[in-house]
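Please look over the sequence and structure before reading on.

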Amino acid sequence: MRGFQRRNLFVIQSETLTLLEWQRLCQHLSTFAATKLGAIASRQLKIPTTKEESCQLLAQTEEIYNLEATLEEGWSFTGIEDIEPSLERTQRGGMLSGLELLHIATTLAGVRGLRRVIEERENLPTLQEMVSYVRTYPDLEKSIHHCIEPDGEVADRASEKLVQIRSGMKELRQKINQTLQGIIQRKGGALQEMMITQRGDRFVLPVKAPQRGEVPGILHDTSSTGATLYIEPNAIVELGNRLRQYRRQEQTEEEAILRRLTGQIEAVQPDLERLLAVATALDLATARARYSWWLKGNKPRFIEGETISLRQLRHPLLVWQQYQEQGIEVVPINLSIDPKIRVVAITGPNTGGKTVTLKTLGLAALMGKAGIFVPAAEPVELPWFDLVLADIGDEQSLEASLSTFSGHIRRIIRIIEAIDRGGTSLVLLDEVGAGTDPKEGSALAIALLQYLASKAQLTIATTHYGELKALKYEDPRFENASVEFDNDTLKPTYRLLWGIPGCSNALTIAQKLGLESTIVEEAQKLVGEEVEDVNEIIAQLELQRREQERKAEAAGKLLTETERLYREISEKASYLRERERELKLSQQQAVIEAVLAAKGEVSQVMKEWREETKAVRNSQKAHQKLNQIAQHHLPAPTSPKPLPPNYQPQVGEKVRIPRLNQTAEIISIGGAEGQLTVRFGLMKMNVPLTDIESLQGEKVAVTPKQKSSPTPTPVEKKTIPTVRTSQNTIDLRGSRVADAEIELDRAIAQGSAEGLGVLWIIHGKGTGKLRQGIHEFLQHHSPSSSFELASQKDGGAGVTIVYLE
């Protein structure tokens with residue numbers, strides 16, 4: 001019994017593939033294969049039996065789809081041949097020919113090239129796993145090419161013995177040729193033609209029959225007329241015998257070489273079989289990817305308990321007809337089926353596209369299982385069905401004494417037996433219950449669909465029975481759909497409409513085609529008012545649907561226009577932001593250039609100030625120049641409303657210097673009376689207390705003593721010391737060049753004021769950048785007369801001595 005059920009399962013599955021024209025799709029797929037093996041595998045495409053295998057195939061297809069998009073000319077299967085017969089002959093102990101060995105060598109090289117392309121790229125885990133265990137034996141390939149010429153002949157270099165044999169053969173041929181040329185010159189009159197020819201492996205001359213005696217030898221052949229005799233002269237018979245011996249030796253040696261190479265093939269035959277299987281799988285995956293791209297398909301996602309979504313789904317065979325056979329344009333359908341729905345009843349007139357809808361959905365399910373992208377818009381979401389079963393078409397058979405009804409019933413029996421075995425199934429029924437009495441057929445169709453609603457995951461059935469339309473309102477597992485028909489043109493539009501049952505439109509079509517009106521009216525009476533009312537309701541629903549579609553289309557256009565305007569505004573906003581950023585950068589650059597110029601002038605002023613104020617007598621002049629520079633380079637400050645002078649600054653506090661429009665940090669307070677040292681940026685300077693204010697605008701409360709200018713104390717000129725002391729030494733090691741310049745400038749000013757005469761600068765050796773920066777500062781900004789590196793005992797390149805004026 002189990003064997004019978006298995007046979008029935010195989011039969012119904014084979015019948016389903018035939019009814020859905022799966023073989024035609026496989027034939028189309030094979031045209032995208034690059035090798036003979038790939039084309040054979042495409043035509044014999046097997047449908048996986050597990051969801052995991054389908055996901056693996058889809059991953060292969062997707063990776064090759066993406067890989068070829070990154071390659072300029074795709075990837076090549078050049079050199080890969082069908083070496084399966086050669087491997088079978090090797091396994092049986094046969095010897096391979098030179099061409100067969102060459103095909104194995106080129107296949108090894110071709111697969112190696114494919115593996116290299118895969119391994120050099122990322123995000124190809126499935127393909128990399130496929131080729132990870134492939135061995136391509138480059139040494140074997142090299143050995144074959146060394147022994148076999150491109151035309152399949154064994155090369156002289158294959159063995160030393162073969163070289164000797166062929167050298168001897170060459171010498172014998174030369175001797176035979178020379179001997180025959182001499183005979184031709186002497187006996188030319190006895191020859192039919194002045195030429196040397198062959199009969200078998202013997203060299204002969206075409207001798208005239210009446211003059212045979214002039215060229216004694218062995219007769220090998222005669223012309224059809226008997227006028228020409230092909231004679232091997234006695235002078236070369238011995239040479240010909242020796243040449244024949246050489247040929248036998250050559251043949252024996254060539255066979256030895258071919259058997260040696262065949263033995264090497266046999267030793268690695270399992271690996272070569274695995275390599276061939278991987279090459280075939282790669283070519284088949286490439287065919288699936290290229291066919292998917294040609295169909296403009298998208299990768300399906302297998303769902304469980306979610307809504308089936310197939311938008312703009314096209315029949316792949318009709319797409320082929322449209323582009324390859326100049327067929328009509330394919331009208332796509334939309335399928336959106338709630339997971340609670342188990343049965344969809346499609347109604348409508350004949351030739352409206354009901355059967356095409358069944359086949360389209362069936363092929364989409366099979367394509368996803370086989371690893372082929374589905375020709376539908378994203379997202380492509382459908383369940384993975386264990387079984388796809390169909391009853392489509394007329395099963396009438398005179399030979400088997402089967403009526404249409406009987407044929408359908410027998411196929412439905414096989415479908416029920418198949419789904420009773422368990423698993424998820426998609427059942428496609430065309431004209432369910434047809435071929436018998438309409439009343440009984442309708443009852444049978446209702447009972448069958450209710451049974452399938454509890455057994456199959458999804459059933460799609462086409463029908464003309466009006467009773468099936470009412471099932472939706474009695475059972476939430478049922479849904480209605482219909483194919484659209486244009487009553488004005490009397491032609492179907494092939495569009496699938498959801499939620500609305502269809503009308504047969506038979507009476508309307510008959511009336512518009514010119515059938516006698518009295519006949520149509522009588523038919524309408526026989527149909528009954530209830531049916532007519534139902535058709536009227538359906539017609540009104542159809543009008544409402546079309547109105548909603550028109551409004552939805554208008555809304556879609558409005559949305560598209562809104563999205564376009566939004567993109568334009570976004571692009572303009574991005575442009576303005578970029579422009580603003582560029583302007584800010586430009587302004588910042590201008591400020592930086594102005595600050596650099598100001599710093600240069602400040603440095604010049606400070607240099608002049610040091611030269612002119614050794615005793616700090618001309619500080620007022622330096623302040624005036626600083627004020628002029630500040631007014632020239634810096635914007636005028638906005639002065640806040642003055643506050644009472646009761647502010648006392650503290651060390652480390654941030655204060656504002658209004659005349660310079662700068663915020664600075666207080667480093668020290670004191671020194672000269674009424675003075676404090678501040679730092680802003682890299683600059684340090686002494687300013688009077690009256691020149692600063694708090695960040696809130698408070699002025700410093702100064703005493704009369706603070707307001708009086710300090711009188712500089714005369715400094716007695718000191719003699720230049722001969723040794724380094726703490727007073728004339730500054731240690732700048734570890735400082736940055738900018739910080740070192742500030743410290744050095746202050747030390748030089750102090751040393752000049754105190755009359756030290758010499759300044760020792762410790763900067764260390766390190767990378768030399770600090771020493772170079774100090775020397776450049778001394779050359780351009782220092783009032784010193786000269787400087788030099790210290791002697792080796794005093795620090796050498798790590799110390800610089802500055803001689804002050």
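About how much space lies in the second largest cavity? The model is predicted, and in it the second largest cavity holds about 30 Å³. The structure has two cavities of 30 Å³ or more.

The lining of the second largest cavity consists of Leu335, Ile346, Thr357, Leu361, Ile460, Leu496 and Trp498. Two elements, α13 (354-369) and β14 (491-498), each give two or more residues to this lining. By class, six of the lining residues are nonpolar, one is polar and none is charged.

Ile460, one of the lining residues, also belongs to the largest nonpolar core, where Ile460 and Trp22 touch the most other members. The element that gives the most to this core is α13, with seven residues. Leaving aside residues up to four places away in sequence, Ile460 touches Ile337, Val344, Ile346, Leu358, Leu361, Val427, Leu428 and Leu429. In soluble globular proteins, nonpolar side chains tend to be buried together.

| Core | Residues in the core | Members named |
|---|---|---|
| Largest nonpolar core | 53 residues | Trp22 and Ile460, among them |

Elsewhere in the chain, threonine 197 is placed in strand β1 (residues 197-199). Is threonine 197 buried or exposed? Threonine 197 counts as buried because its relative accessibility is 18%, and buried means under 20%. Not counting residues up to four places away in sequence, threonine 197 touches Arg202, Phe203, Val204 and Tyr230.

Key
Residues are numbered from 1 along each chain as its sequence is written. This is a predicted model: local features need pLDDT of at least 70, side-chain atom pairs count only at pLDDT 80 or more; totals for chains, interfaces and linings use all residues. Side-chain values use heavy atoms; hydrogens and water are left out. Helices (H or I, at least four residues) and strands (E, at least two) are DSSP runs, numbered from the N terminus. Buried means under 20% relative accessible area, exposed over 50%, partly exposed in between (1.4 Å probe, protein chains only). Contact means heavy atoms within 4.5 Å. On a 1 Å grid over the protein atoms alone, a cavity is a set of points where a 1.4 Å probe fits but cannot get out, and a pocket is an open set with protein on both sides within 12 Å along at least five of seven lines; lining residues have an atom within 4 Å of a point. Grid points are joined across faces, edges and corners, and a volume is the space filled by probe spheres set on the points. Ala, Val, Leu, Ile, Met, Phe, Trp, Tyr, Cys and Pro count as nonpolar, Asp, Glu, Lys and Arg as charged, and the others, Gly among them, as polar. A nonpolar core is a set of buried Ala, Val, Leu, Ile, Met, Phe, Trp, Tyr and Cys residues joined through side-chain atoms within 4.5 Å.
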